[in-house]
Every structure is written in C-alpha cells, then in structure tokens.
Amino acid sequence: MIPIAKPLIGEEEINAVVDVLKSGMLAHGKEVETFEKEFAQYLGAKHGIAVANGTAALDVALKALKIKAGDEVITTPFTFIASANSILFQGAKPVFADIDPKTFNLDPNEVLEKINGKTRAIIVVHLYGQPADMRAFKEIAEDYRLYLIEDCAQAHGAEFEGQKVGTFGHIAAFSFYPTKNMTTGEGGIVVTNDEELAYRAQLVRNHGQTKKYLHEELGYNLRMTNIAAAIGRAQLKKLDKWNAERIENARLLTDGIDKIDGLTPPYVDSRVKHVFHQYVIKVEDEFPLGRDELAQKLREKGVGTGIHYPMPVHHQPFYQKLGYPKDICPNAIEASKRVLSLPVHPAVSREDIDYILETLREFSTGG
C-alpha cells in the first residue's frame with residue numbers, strides 16, 4: 001500500500017528525544033523555548049508560543065484576541081472542523097463564507113458579503129498547503145478593522161508573494177500532527193508579531209501565570225513538552241527539503257493527470273508557493289467512475305486515498321443542531337462531492353507515482 005500520509009522519523013529525531021529523556025527535563029522547558037524561537041525565526045515572525053496541538057493553537061489565538069460571546073467570526077466551511085469549533089469555544093458564532101472552486105480556499109468576495117456590525121475577525125485557512133489570497137484579506141481586515149487570523153495547520157513553509165504564511169495576520173496557528181509537513185507527534189504553535197498578543201497567549205496556555213503560583217487570568221494547561229519540541233527542532237531542519245519533494249511529486253502527478261479526461265489536477269495560484277500537504281484532484285462527471293468508487297478501487301490496487309473533506313462543516317450533525325441552513329456555500333458542497341486526495345508526501349517514490357498514474361489511466365478507460 002502506498003499510504004496517503006507517512007511521518008518521516010530519522011536518527012536525528014530519535015537521538016534528540018533520547019537526549020531529552022536522559023536529561024530528565026521532560027515537560028515544558030528550554031527545548032520548547034528554543035523550538036519556539038527557531039520556528040518563529042524560520043517564518044520571519046517575532047513570537048512563537050508552542051502548545052499541545054493545533055486545535056489548542058487556534059483556541060489560544062482567539063482567546064488572546066479576546067473574541068467573546070456575541071462576536072461573529074467569518075471562516076470557511078470547507079476545512080477540518082477545528083477551524084470552526086475554535087470560534088464556538090469562545091462563545092462566538094462561526095459565519096461561513098463560500099470558497100473559490102479553483103483553489104478551495106475562502107473567497108474574499110464571499111467574505112465581504114458576510115461582514116456586519118457583529119463581525120470581529122476572519123479565520124483564513126490555507127487549505128492543502130496553498131495560501132489563500134492574503135493581499136485581499138489584509139485589505140478587508142484593514143478596511144473593516146477586523147482581526148485577521150491564519151489557520152496554517154496544512155501550510156508549513158508555504159508562501160504568498162514570497163512571504164511565508166503565518167506572518168500576514170494579527171495571529172496565526174500551526175499544527176504538528178503526524179500527517180503534517182512536519183511533526184512533533186502532537187503539538188501546535190501560535191505565531192504573532194504583536195508583543196501583547198504573544199503575552200496573552202503565553203498566559204492562556206499556562207494557567208494564567210505571570211510567575212510561578214501567581215495566576216492573574218483564567219488559563220489552561222496547553223503546554224508542549226520538551227520531547228515534542230525535540231522532534232520538532234529536528235523536523236524543522238528538514239522541512240524545506242521535504243516541501244521541495246512534495247512540490248516535485250505534485251508536478252509529476254499533474255503532468256500525468258492533465259492527460260486523463262474526467263480528472264482535474266490541483267489549481268495553483270501563480271502568486272503562491274503551494275507546499276502540497278495534500279494533493280487533491282476533482283473527479284468530474286465524465287470520468288467513468290464516481291469519486292467514492294474510484295477511491296475504493298485505488299485502495300484495492302494498493303493506492304491510499306483520502307477525502308478532505310466529505311462534507312462541509314455546516315452539514316455536520318452538530319452544526320445542523322445549531323441551526324445552520326444546509327443550502328449555503330454551494331461551492332463547498334460541490335467540492336465535498338468531488339475531491340480526492342492522492343499520496344504526495346516525500347516517501348512517495350517516482351515508481352509509486354508512475355504506478356498511481358498507470359492505475360488512474362486504467363480506470364479512465366473503464367478497466
């Protein structure tokens with residue numbers, strides 16, 4: 001089986017973890033602080049605040065901005081559910097704007113239609129590793145005096161017009177889950193250039209402490225461990241190389257899929273560096289097999305697949321209980337019926353890509 005995702009763990013990560021275990025300093029400490037500085041420096045940002053996971057990073061970011069009950073935050077319905085849930089954690093209301101059907105990212109024009117007097121912020125998701133239109137979103141945020149939050153869970157090292165994502169908005173959140181372009185096992189980080197937001201984020205993730213046993217605000221235990229940070233430091237050194245391999249694998253896949261009727265390869269905005277956390281095609285009506293049947297037949301042939309995502313967030317049972325109408329955001333609904341992710345990670349070999357393309361061509365002729 002060619003897996004849809006595979007974390008790459010080498011001797012550098014193993015040795016780094018062993019060093020931490022031998023030190024006896026397993027919880028949050030100097031290793032975490034060093035990782036925070038190195039990751040922020042990699043992005044060109046001033047502050048990094050490491051946390052337990054990517055969902056925690058989104059939650060901490062919104063709490064640092066003091067988003068509260070009665071506020072509205074606009075985001076995409078075509079994403080992992082944590083992007084929207086983080087808004088609910090604040091008691092605020094997620095407002096869904098539709099996506100651009102080519103990039104699958106939030107459409108700035110759709111966002112403009114959703115802004116009202118209760119709107120406080122926009123969460124932009126850089127889906128699959130392709131940056132959203134940050135020039136447009138920065139202008140919207142500035143014109144309407146809104147907070148701009150970047151969900152970079154799938155976009156480590158991605159760039160818009162030569163600038164790394166995570167540095168455009170007021171604050172950003174990354175995930176280091178094992179399937180991401182780099183991992184810490186579990187983990188996340190909040191990134192900002194704003195000193196006050198960084199200070200608030202540090203309080204939120206560590207019991208509201210300003211110093212040991214002095215708690216000035218309500219906080220949580222969302223700290224990253226030194227063990228996770230040690231893995232992250234080793235992975236960060238390899239990130240650019242791995243991203244280059246993802247980009248090359250994506251190019252090879254696209255070269256082949258372009259020649260297969262009924263399959264649409266990923267669109268890449270000319271202004272961006274797309275780091276292909278996922279390589280996502282669309283299965284069109286003219287292809288002999290439907291999306292779900294194609295996914296099943298690929299798996300039977302040893303090709304792992306994924307559907308990111310099989311339903312938009314506002315169709316999820318919990319969001320239906322909250323009263324969201326099903327017929328909003330038609331582009332997101334349509335995308336959820338057609339998208340199919342193929343293996344693109346650095347462990348995918350040239351032989352694997354040739355096999356994937358050969359198998360797709362076989363199915364395209366009804367084989």
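Where does Phe276 lie? Phe276 is in the loop between β13 (272–273) and β14. Hello everyone, and keep that residue in mind. Before I go on, please remember that the model above is a predicted one.

Let's stay with Phe276 for a moment. Its phi is positive, about 50 degrees, although Phe276 is not a glycine. Is Phe276 buried or exposed? With a relative accessible area of 6%, Phe276 is buried.

Now look at Tyr128, in the loop between β4 and α6 (134–144). Here phi is near 65 degrees, again a positive value in a residue other than glycine. Tyr128 has a relative accessible area of 3%, so it counts as buried.

One more backbone detail before we move on. Which peptide bond is cis, with omega near 20 degrees? That is the bond from His308 to Tyr309. You can find Tyr309 in the loop between α10 and α11 (317–321).

Next, the strands. Find the open sheet of seven strands, and read them in this order: β1-β9-β8-β5-β4-β2-β3. The pairing in this sheet is mixed. Which strands are at the edges? They are β1 and β3, and each of them pairs on one side only. On average, neighbouring strands of the sheet are turned by 25 degrees against each other, if you ignore direction.

Let's zoom in on two neighbours there. Strand β4 (residues 119–125) pairs with strand β5 (residues 147–151) in the parallel sense, over five bridges.

Strand β14 (residues 279–283) and β15 pair in the antiparallel sense, over four bridges. Within this pair, Lys282 stands opposite Val339 in β15. Follow β15 (residues 339–342) along and watch the side chains: Val339 and Ser341 point one way, while Leu340 and Leu342 point the other way. Which of these four are buried? All of them are.

On to helices. Two packed helices are described by the angle between their axes and the distance between the axes. Take helix α3 (residues 54–64) and helix α7 (residues 195–205): they pack at an angle of about 125 degrees, with axes 8 Å apart. That angle makes α3 oblique to α7. The crossing of these two is right-handed.

Now try α10 (residues 291–300) and α13 (residues 350–364). Their axes come within 11 Å and cross at roughly 130 degrees. How do α10 and α13 stand to each other? They are oblique, and this crossing is right-handed too.

Let me turn to the rings. How many aromatic pairs does the structure hold? There are 14. One of them is formed by Phe78 and Phe104, a tilted pair with 6.0 Å centre to centre and 40 degrees between the planes. Why does this pair tie together parts that are 26 residues apart in sequence? Because Phe78 lies in the loop between β2 (72–75) and α4 (82–88), whereas Phe104 lies in the loop between β3 (93–96) and α5 (108–114). Both Phe78 and Phe104 are buried.

Rings can also join into a group. Ring pairs link Phe35, Phe39, Tyr42, Phe174 and Phe176 into a cluster. Let's follow Tyr42, which is found in helix α2. Tyr42 has a relative accessible area of 18%, and the cut-off for buried is under 20%, so Tyr42 counts as buried. The charged end of Lys164 sits over the ring of Tyr42, 4.9 Å from its centre.

Finally, Gly44. It is found in the loop between α2 (30–43) and β1 (47–51). Is Gly44 buried or exposed? Its relative accessibility is 55%, so Gly44 counts as exposed. If you draw a line from the C-alpha atom of Gly44 to that of Lys211, 167 residues apart along the chain, the separation is 28 Å. For Tyr42 and Glu216, 174 residues apart along the chain, the C-alpha atoms are separated by 32 Å.

Note on methods
Residues numbered from 1 in each chain as written. Predicted model: local features only at pLDDT ≥ 70, side-chain atom pairs only at ≥ 80, totals over all residues. Heavy atoms only, no water. Phe/Tyr/Trp six-rings, centres within 6.5 Å; stacked < 30°, edge-to-face > 60°. Buried < 20%, exposed > 50% of the residue type's maximum accessible area, 1.4 Å probe, protein only. Lys NZ or Arg CZ within 6 Å of the ring centre and 35° of its normal. Pairing = 2+ DSSP bridges. Axes fitted to C-alpha atoms, helices over the stretch in contact; angles between N-to-C directions. Parallel < 35°, antiparallel > 145°, perpendicular 65-115°, else oblique. Left-handed = near helix turned anticlockwise from the far one by under 90°.
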